[in-house]
Amino acid sequence: MEKYNCTVCGNIYDPESGDPDTGVEPGTPFKDVVLDLGCPVCGSPKEDYEPYTD
């Protein structure tokens, strides 16, 4: 599964890890993540995320 990063603060969402702090279970694809409040680090909307490349 593809990782995504916030273009504002650089926070990386890794679907293999999920985001336990916001209740997102490991294995959840980015398209299924509900970021009601935006990025958990800076608050930017989900639209500010893009596919992450190493």
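User: Which residues does Asp19 touch, not counting residues up to four places away in sequence?
Analyst: This is a predicted model. Asp19 lies in the loop between strand 2 (12-13) and strand 3 (49-51). Leaving out residues up to four places away in sequence, the residues that Asp19 touches are Tyr13, Val24 and Pro40.

User: How far away is the nearest side chain of opposite charge to Asp19?
Analyst: Asp19 is buried and has no salt bridge. A salt bridge would need a side-chain nitrogen of Lys or Arg within 4 Å of a carboxyl oxygen. The nearest side chain of opposite charge is Lys46, at 12 Å.

User: Over which ring does the charged end of Lys46 sit?
Analyst: The distance to the ring centre is 4.9 Å. A charge over a ring must be within 6 Å of that centre. The ring under the charged end of Lys46 belongs to Phe30.

User: How many aromatic pairs are there, and what kind do Tyr4 and Phe30 form?
Analyst: The count of aromatic pairs is 3. For Tyr4 and Phe30, the centres are 4.2 Å apart and the planes are at 15 degrees. Planes under 30 degrees apart count as stacked. The Tyr4 and Phe30 pair is therefore stacked.

User: How many residues apart are Tyr4 and Phe30?
Analyst: Tyr4 is in strand 1 (residues 4-6). Phe30 is in the loop between strand 2 and strand 3. The pair links distant parts of the chain, with a separation of 26 residues.

User: Is Phe30 buried or exposed?
Analyst: Phe30 has a relative accessibility of 10%. The cut-off for burial is under 20%. So Phe30 counts as buried.

User: Why is the pair of Phe30 and Tyr49 classed as it is?
Analyst: The ring centres are 5.3 Å apart, and the planes meet at 40 degrees. Stacked needs under 30 degrees, and edge-to-face needs over 60.

User: Where is Tyr49, the partner of Phe30?
Analyst: Tyr49 counts as buried because its relative accessibility is 9%. Phe30 and Tyr49 are 19 residues apart, and their pair links distant parts of the chain. Phe30 is in the loop between strand 2 and strand 3, whereas Tyr49 is in strand 3.

User: What is the strand order in the open sheet?
Analyst: The sheet has 3 strands with antiparallel pairing. Strand 2 and strand 3 are the edge strands, each pairing on one side only. The order is 2-1-3.

User: Which residue in strand 2 is the bridge partner of Asn5?
Analyst: Strand 1 and strand 2 pair in the antiparallel sense over 2 bridges. The partner of Asn5 in strand 2 is Ile12.

Conventions: Residues are numbered from 1 along each chain as its sequence is written. This is a predicted model: local features need pLDDT of at least 70, side-chain atom pairs count only at pLDDT 80 or more; totals for chains, interfaces and linings use all residues. Side-chain values use heavy atoms; hydrogens and water are left out. Helices (H or I, at least four residues) and strands (E, at least two) are DSSP runs, numbered from the N terminus. Buried means under 20% relative accessible area, exposed over 50%, partly exposed in between (1.4 Å probe, protein chains only). Lys and Arg count as positive and Asp and Glu as negative; His and the chain ends are not counted. Contact means heavy atoms within 4.5 Å. Rings of Phe, Tyr and Trp (its six-membered ring) pair if their centres lie within 6.5 Å; planes under 30 degrees apart count as stacked, over 60 as edge-to-face and the rest as tilted. A charge sits over a ring if NZ of Lys or CZ of Arg is within 6 Å of the ring centre and within 35 degrees of the ring normal. Two strands pair if DSSP finds at least two bridges between them.
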